[in-house]
Amino acid sequence: MTLIGVPLILVAGAATLTVIGLLGWSWNRGGRRRRLPTRVLGVLLGEALLVLTIGLVANRQELFYPSWQALAGRTSTTAGSVPVAAGRLDASLARHPDQPWQPAGSAAWHLAAPPAVTVPAAYPVRPVAFPVLLALGGRPAPADLVEVRLEPGPRTDALAGLPGLLAGDLRVTSHGWVIVAAAARVPLAGRLVAEFPGRFTALAVTGHAATPPGCPVPVHDFATWAAATRWAVAQSPPALEPARVLPPAEPS
Amino acid sequence: MTIEGLPLLLTGLAAVLATAVAVAVLWDRAGRITRAALVAACVLSLAATVALQLNRLTETYTSWAALAGERDPAVPPGPGPVAAPSGPGGRVVRLAVAGRASGMTMPAYVYLPPGYQRGHQRYPVIEALHGFPGSPKSWLRRLDVRRHLDQEIAAGRMAPALVVFPYQTPDPMVDTECTDLAGGPRAETFLTVDVPAAVRASYRVRTGRGAWGLIGYSAGGFCAADLLLRHPGQYAAAASLSGYASPGIRVGDGSERTTNNVGWRLRHLPQPPAGLYLGYTADDPHSRRDSSLMAGLATAPLAVTTGVVAHGGHSDAAWELMEPAAFDWLSSWLARPAEAP
């Protein structure tokens, strides 16, 4: 019998009425010695069944506990954690934390110089995903993020596939990335932010620039790369241990 | 005797037993009026005991003063005293919030993460909203939030953060759904103006929207999603646990069908660059339907993550399971603790 089904409510209701009926029938029967305990037990049992019946009706209405299992607190679910997949360059980065990064496809970016990555000292020893600081057209101050430095050239108008390429090569988070850019690189940064919504959380600029149209992250101006880096890093989450996760919803 | 304590509940049960015995013993000797009084005493003691237990389960009235209608007797505005560290974990303190903008002057509880007392950092902030009926005590007692926060922070799955537990209504029987009720309590203003102002004035917290998030269960889940969409300049992420897409009350200006309706907002208004976590149980049809609706309507730059518990209905057990996952997720969407500029 299900917890929220009509049958259980009918049984509880019938039991309540039966006990109340029996209580009335037996109220004045038997000697005083037998009558007293029967009355007390009958009243208490009737009260308990009445509360139970009302509770069952309310629970059927509101579905607080849709099943006996839910009532017992057995959720049949455990929060797991998804280990972070190793990056293809992890071994190499353990030896050379600062190195060129030239993924297949980066030629299409038409950069003025080969891209480079720097990983923080914790990267080889902590098997977690790190947020990313993307530097466009300059050298950021050292930070505890994965740092990617790109020197855009005159023909660089997009950085197609950059987040995916980086995620294959290094252990990086899926969001909470920040950009530090030279003012002249703000249109490029804006296109990147708009192309990958939800991935970038802050856009710091050395010099002055307006937020490009369509860029959902506002531009913040700074006088120096160091100040821009400090601010941008503070906007990112720290590198966290793999989160507890519940099974996601089935795609509908 | 406290209103929520076990002694009072046991007293209630003793009264139920005593009235049953009294009816049985005195019935034969009693006149009509006495008999009516005996039956009334039975019914009253039973009803009162059931009410006490329901109040214990929902943490609606957390003190006799609250039941008597007193809001926050004789508590000066500002933070309450912080006791000396008693263990390695965080501590929960009381903050009196002066309702300068909303007119709602109510207390809130604040979780200070481990290390808060000794450090100089400014912390991200999460506002945690309760269900209806309920109170901040539901988070603290029924959902054991301090233990969960301590565990997630100690494990490094969550960055240290302040978590604020405000009241959402001046009258436990008035469901505000965190909105400004027309001609009634201005809960939205309290939660988005007065509470943040009191927190900023009293504690070392970060101020930008990137460091502020929301979480809530049941009605509080609706609150978290609604406030995120209504105030994207103030909050970067929200987690709705068994929440809804609509408030289920009348706000008084019809906005429950439009601007205070998460479904309507997602359909008709531009979506903000923010994170939204939707946790629900598969056997809770209302919040499952509404959460699926919200997940289906969300588009970039709003990013949705879902987490589904197989069984648990609309219950504390389900929310306790969702808590660590939701706090970890929130932390990954919020700016880190940082040195003061």
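B:Arg186 counts as partly exposed, at 36% relative accessibility (that label falls between buried, under 20% relative accessible area, and exposed, over 50%, with a 1.4 Å probe and protein chains only). Its partner is B:Asp180: the two form a salt bridge, with the closest N and O atoms 3.9 Å apart. A salt bridge here is a side-chain nitrogen of Lys or Arg within 4 Å of a carboxyl oxygen of Asp or Glu.

Before going further, keep in mind that this is a predicted model, where local features need pLDDT of at least 70 and side-chain atom pairs count only at pLDDT 80 or more, while totals for chains, interfaces and linings use all residues. Residues are numbered from 1 along each chain as its sequence is written, chains are lettered from A in the order in which they are written, and side-chain values use heavy atoms, leaving out hydrogens and water.

Over all chains, a search of the whole structure turns up 20 salt bridges. One of them pairs B:Arg336 with A:Asp144, at 3.0 Å between the closest N and O atoms. This pair joins two chains, because B:Arg336 sits in the loop between α10 (316-333) and β11 (338-339) of chain B, and A:Asp144 in the loop between β4 (132-136) and β5 (146-152) of chain A. (Helices, H or I, of at least four residues and strands, E, of at least two are DSSP runs, numbered from the N terminus.) B:Arg336 is buried at 9% relative accessibility, whereas A:Asp144 is partly exposed at 43%.

Back within chain B, B:Arg257 and B:Glu256 meet through their side chains in a salt bridge of 3.6 Å, N to O. B:Arg257 is exposed at 58% relative accessibility, but B:Glu256 is buried at 12%. Over in chain A, salt bridges with shared partners link A:Asp98, A:Arg139, A:Glu147 and A:Arg149 into one network.
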